[in-house]
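Please look through the structure below, one part at a time.

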Amino acid sequence: MNQRIDVTLLSLGEFVWVLLRVYDFKPLDLGKAVEALTSTVNVQVNRPAVKAGLAMLKAGGGFADGVIAFKGRWLGGDTFVSFDKKATALLKSQGLQTELLSSD
């Protein structure tokens, strides 16, 4: 019997972090691992958010930044606001409106 497995975005973000920081996964291998997990038929996950996270990862950014930008747009936001220069630049290059905050 196949049991459904629900994977929250927060749990998936931790999975990504551990693979990167503890197991030293390269972004390409990390993307394959996330795709393998989330494409399993009995895994329930917010697939559009995962797709956004993987797109950021493939662009050289952070998985979490892609998920955060997706969820912000889903909630009705039109601007990604962050202190993260790389994330805002990558999202801007993808056509999203961004605002880089200053830490000064």
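Thr88 is found in helix H5 of this predicted model. Thr88 counts as buried because its relative accessible area is 5%, and the cut-off for buried is under 20%. Leaving aside residues up to four places away in sequence, the residues that Thr88 touches are Phe80, Ser82, Thr98, Glu99 and Leu100.

Helix H5, which covers residues 85-93, also has a part in covering another helix, H3. Helix H3 runs over residues 47-58 and has 12 residues. The expected span is 1.5 Å times one less than the number of residues.

Which residues of H3 are buried? They are Ala49, Val50, Ala52, Gly53, Leu54, Met56 and Leu57. The cover over these buried residues includes helix H1 (9-21), helix H2 (27-38), helix H4 (63-74) and helix H5 (85-93).

The two ends of H3 can be taken in turn. At its start, Asn46 places a side-chain oxygen within 3.1 Å of the backbone nitrogen of Ala49. After H3 comes Gly60, which has a positive phi, near 100°.

Helix H4, one of the helices that cover H3, spans residues 63-74. Lys71 lies over the face of Trp74, with a distance of 4.5 Å from the ring centre.

Note on methods
Residues numbered from 1 in each chain as written. Predicted model: local features only at pLDDT ≥ 70, side-chain atom pairs only at ≥ 80, totals over all residues. Heavy atoms only, no water. Lys NZ or Arg CZ within 6 Å of the ring centre and 35° of its normal. Helix = DSSP H or I, 4+ residues; strand = E, 2+ residues; numbered from the N terminus. Buried < 20%, exposed > 50% of the residue type's maximum accessible area, 1.4 Å probe, protein only. Contact = heavy atoms within 4.5 Å. Polar contact = N/O pair within 3.5 Å; in protein donor to acceptor, adjacent residues only side chain to side chain.
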